Amino acid sequence: MTIADISIAPHLPGRVLHELVTLTPASVDEASRHVRDILAMAIEHTAERAAIVVWDAHCDLSIALAEAYHRNLPNARFIDFDAVSQNDILAAFETLAPSDLVVLVQSTNFRLEAYRIRIELFKRELKVIEHPHLARMPGEESLHYIESLAYDPGYFRDVGNALKARIDRAHFGVVDSGGERLVFGSPFEAAKLNIGDYSQMKNVGGQFPIGEVFTEAQNLEAVNGKVRIFVFGDTKFAVNKPEQPITLVVHKGRVTDVENSTPEFDQVLANIRADEGEVWLRELGFGMNRAFSKDRLVSDIGTYERMCGIHLSLGAKHGVYTKPNFRRADARHHVDVFAVTEAVYLDDDVVYKDGTWTI
């Protein structure tokens with residue numbers, strides 16, 4: 001099979017739109033509008049640059065997104081992942097030049113043997129948009145996902161940069177989770193942005209949806225108190241919402257006890273302790289995506305991580321920030337948990353209240 005054979009025909013997403021069960025034409029239209037804005041404002045892709053979209057037809061959301069990209073990238077090469085060999089896909093990538101675009105629309109997560117797709121594509125200076133694990137979000141969750149792709153640069157960039165500036169100069173912070181307070185008694189690491197602005201970054205693109213500013217305490221042992229969590233990532237990387245919030249007791253940056261736990265959460269903690277000895281609390285994430293909330297969830301934990309509010313990570317693994325007492329080879333776990341968030345303070349300033357960033 002040649003590269004020409006895997007160009008647009010005969011695997012157009014539009015050919016399978018009739019198979020949609022839970023999504024309507026209006027949903028596909030909405031997805032197309034959001035994709036248009038992502039391409040123009042976040043990725044800054046132009047018609048002069050080449051583009052390849054690799055997709056599959058295993059779920060409604062994947063089909064709808066592939067169609068949305070087809071409407072906005074009419075000259076792109078569309079490759080049905082199941083219709084060609086892995087070597088054919090890799091050969092297609094070889095035809096691209098720096099600043100060209102690759103879009104990955106995945107019901108699960110495409111495997112190309114040992115080929116780490118996004119990392120390798122970034123090494124080639126290609127722009128990348130990745131939509132993984134779409135099959136984990138069926139039915140109404142697909143509608144939440146499509147809404148989460150809306151790109152409002154005035155919100156994401158203005159609020160995101162303001163949050164980063166405030167985090168970077170803060171001396172301490174507090175998460176009030178409704179009767180419990182988790183105190184970060186230390187300045188924070190320089191905050192990182194995931195707001196669809198790549199002008200100051202080496203790589204353009206990443207996993208969508210976007211909407212997050214994240215950091216962690218410079219001194220992890222300065223984190224103490226209690227925090228109530230209403231969702232955690234379970235052992236299957238799925239959103240797990242217990243009947244009532246679980247309270248984590250944190251002492252010197254470690255989870256030392258839990259209240260109102262569940263067997264599933266106990267297993268998460270047991271797995272971390274078995275591999276790492278103790279349960280560290282590391283990432284402090286300021287989620288910004290208003291399509292997700294305490295009451296509007298999707299099952300994929302990597303997508304829900306953008307939820308508007310606070311999330312934390314359990315386990316020693318956090319590749320963005322290095323700490324002298326952690327060896328990368330020994331750090332195996334990074335489990336996202338989501339805090340009941342009544343308010344967030346940086347120094348004495350309230351930056352989050354009533355479900356909204358106030359900065």
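Me: What makes the charged end of Arg290 count as sitting over the ring of Tyr155?
Reply: In this predicted model, the charged end of Arg290 is 3.5 Å from the centre of the Tyr155 ring. The cut-off is 6 Å from CZ of Arg to the ring centre, together with a limit of 35 degrees from the ring normal.

Me: Which lysine lies over the face of Phe230, and at what distance from the ring centre?
Reply: Lys294 does, at 5.6 Å from the ring centre. For Lys the atom used is NZ, and the limit is again 6 Å.

Me: Which aromatic cluster includes Tyr155?
Reply: Tyr155 forms one cluster with Tyr151 and Phe156. Tyr155 and Phe156 are also among the buried residues of α6.

Me: How do you know that the span of helix α6 agrees with its number of residues?
Reply: Helix α6 covers residues 153-169, which is 17 residues, and at 1.5 Å a residue it should span 24 Å. Its end C-alpha atoms are 24 Å apart, so the two values agree.

Me: Which residues of α6 are buried, and how do you know that they are on the same side?
Reply: The buried residues are Tyr155, Phe156, Val159, Gly160, Leu163, Arg166 and Ile167. They cover an arc of only 135 degrees around the axis, which puts them on the same side of α6. The face turned away from the buried side carries the exposed residues Asp158 and Arg169.

Me: What do the buried residues of α6 pack against?
Reply: They pack against six strands by name: β7 (192-194), β9 (212-215), β14 (281-287), β17 (343-346), β18 (349-353) and β19 (356-357).

Me: What reaches the backbone nitrogen of Gly154 at the start of α6?
Reply: A side-chain oxygen of Asp152 comes to within 3.1 Å of the backbone nitrogen of Gly154. The limit for a polar contact is 3.5 Å, so this pair of atoms is inside it.

Me: Why is the pair of Trp280 and Phe326 called edge-to-face?
Reply: The ring centres are 5.2 Å apart, within the 6.5 Å needed for a pair. The planes stand at 85 degrees, and angles over 60 count as edge-to-face, so the pair takes that name. The structure holds 11 aromatic pairs.

Me: What makes the pair of Trp280 and Phe326 a link between distant parts of the chain?
Reply: Trp280 is in the loop between α7 (263-276) and β14, and Phe326 is in the loop between β15 (309-314) and β16 (335-339). The two residues are 46 residues apart. Both are buried.

Me: Why is Asn194 counted as buried?
Reply: Its relative accessibility is 16%, and buried means under 20%, so Asn194 qualifies. Asn194 lies in strand β7. Apart from neighbours within four places in sequence, Asn194 is in contact with Ile210, Gly211, Glu212 and Arg306.

Me: Is Thr303 buried or exposed, and how do you know?
Reply: Thr303 has a relative accessible area of 1%, under the 20% limit, and is therefore buried. Its place is in helix α8 (residues 301-304). Beyond four places in sequence, Thr303 touches Met137, Tyr145, Gln207, Pro209, Phe292 and Val298.

Me: What kind of peptide bond joins Phe208 and Pro209?
Reply: The bond is cis, with omega about 10 degrees. Pro209 is in the loop between β8 (205-207) and β9.

Me: What is the phi of Ser99, and what is that of Asn260?
Reply: Phi of Ser99 is near 80 degrees, and that of Asn260 is about 60 degrees. Each value is positive in a residue that is not a glycine. Ser99 is in the loop between α3 (86-94) and β3, Asn260 in the loop between β13 (254-259) and α7.

Me: What makes α2 mostly covered?
Reply: Of its 13 residues, 11 are buried. They pack against α1 (25-42), β1 (51-55), β2 (77-80), β3 (101-105), β4 (127-131) and α5 (140-148).

Technical notes
Residues numbered from 1 in each chain as written. Predicted model: local features only at pLDDT ≥ 70, side-chain atom pairs only at ≥ 80, totals over all residues. Heavy atoms only, no water. Helix = DSSP H or I, 4+ residues; strand = E, 2+ residues; numbered from the N terminus. Expected span 1.5 Å × (residues − 1). Buried < 20%, exposed > 50% of the residue type's maximum accessible area, 1.4 Å probe, protein only. Arc of directions from axis to C-beta. Contact = heavy atoms within 4.5 Å. Polar contact = N/O pair within 3.5 Å; in protein donor to acceptor, adjacent residues only side chain to side chain. Phe/Tyr/Trp six-rings, centres within 6.5 Å; stacked < 30°, edge-to-face > 60°.
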